Amino acid sequence: MAQRNAFPFDYQQHDLPNGLRLVAVPLPWPGVASLYIVVHAGSRNEVEPGRSGFAHFFEHMMFRGTPRFPPERYEREMQRMGASSNAYTDDDRTVYHTTIAVEDLEALLEMEADRFLHLQYSEEDFRTEALAVLGEYWKDSAEPLNRLHEVLRDTAFDAHPYKHTTMGFLRDIERMPEMYGYSLEFFGRFYRPENTTILIAGDAPPEQARELVERHWGGWERGSWRLEVPCEPPQQGLREARIEWKTHTLPCVAVAQKAPAFSDTGGDGAAVDLISALCFSQGSDLYRLLVIEQQWADELWANTVDHIDPYLFTVVARVKQPERLGDVRAAIEEELEKLAAEPPAGEELEQVKSHLRYRFLLGLDRSESVASALAPYLGLRRTPETVDRLFAIYERLAPEDLERAARRHFTRQCRTVVTLEEAAA
């Protein structure tokens, strides 16, 4: 039987001499194009002690402008184009994305190239933005689930920079206003063409996209920095942490297992993805038991975001009946151990595979959604081909493969549990 492509669109891939990669995806929706610039810099790149948070910081600073396009002019041009523009930072990447009318594509590429090649900001601007980042940290940390996630990572990791979130450690953010010089160094290391992938998805011929990118980005100079990420040593036992929340909140529990790095050639990562959908989604037996029947929890989900290096498979529950916190934790751990003891039902697994493919395809309904879905895979492997490779692995996996993956990774000695509870009066 011929293999079905999970990514249904044609594309062209081109590497410039300076290392910049262009992925051009012509799409059938007329008049619109989405530009996604994927910089392979996230919290994983922050390997030096005391200097976390800079990848996220540059998501802010990239809007500070250049001598040619200062912030006011840049904003005016974006408004003139009617552009929908934003950015986000993740553990392995920072992504700048804009959707515009296709006739404005060259003007946008010219402006974006200018800020990537010629970003300029004063020490005063740097300090102002660093204080804004600190304010963003305090705003985010006022949300219980954000704090739970932050403590979980800090507890689960020792050496790898996944230990801190993309916001960074609070102690580092507080010192950030004094690190103007280092900020320039960070930008010079990672905002380089060999560390960047440009995605143009929309009503633009690939030949035109290539010509425009070569014209405006071809002069960007390749860098020489070589990132060396410390390896995380094997975990040797159960780790636990408890957060006391000072205001009223429902309790939460996160049960995390060390999980394999993303792979599009095999291994256990794809099996763990299927376990997440099969055993911890809203259609799972555990969800039905804890949320619908017993009503001990009002939310239950698993987090299996793919990462370049080994990360965490995390099951999170928000507990509706606080006295049942221990029972909810026990039920999650029992489900993990059950998965390592017996394979899931084959029919249910096939349904999950079909659902994952259908959900992915259903989301590809306009230029922006195609680019948005593809960008994380470009952050991992720099090619759309990785989507088809990954879904081909899903198709091949049998119930016994999920059992083996669970037995290998869902051990008690590789488990980290963090609970969050309202502090006693």
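**View 1. Helix α5 and the second largest pocket.** In this predicted model, α5 (144-156) gives the most to the lining of the second largest pocket, with 8 residues. Helices here are DSSP runs of H or I, at least four residues, and strands are runs of E, at least two, numbered from the N terminus. A pocket is an open set of points on a 1 Å grid over the protein atoms alone, where a 1.4 Å probe fits, with protein on both sides within 12 Å along at least five of seven lines; lining residues have an atom within 4 Å of a point. Among the 31 lining residues, Asn146, His149, Arg153, Thr165 and Thr166 are the closest to the centre.

**View 2. Strand β8 and its partners.** β8 pairs in the antiparallel sense with β10 (residues 311-319) over 8 bridges and with β11 (residues 415-422) over 6 bridges; strands pair if DSSP finds at least two bridges between them. Lys258 stands opposite Leu312 in β10, and Cys252 opposite Leu420 in β11.

**View 3. Around Ile332.** Leaving aside neighbours within four places in sequence, Ile332 is in contact (heavy atoms within 4.5 Å) with Val253, Val255, Leu286, Leu300, Val315 and Ala317.

Notes: residues are numbered from 1 along each chain as its sequence is written. Local features need pLDDT of at least 70, side-chain atom pairs count only at pLDDT 80 or more, totals for chains, interfaces and linings use all residues, and side-chain values use heavy atoms, with hydrogens and water left out.
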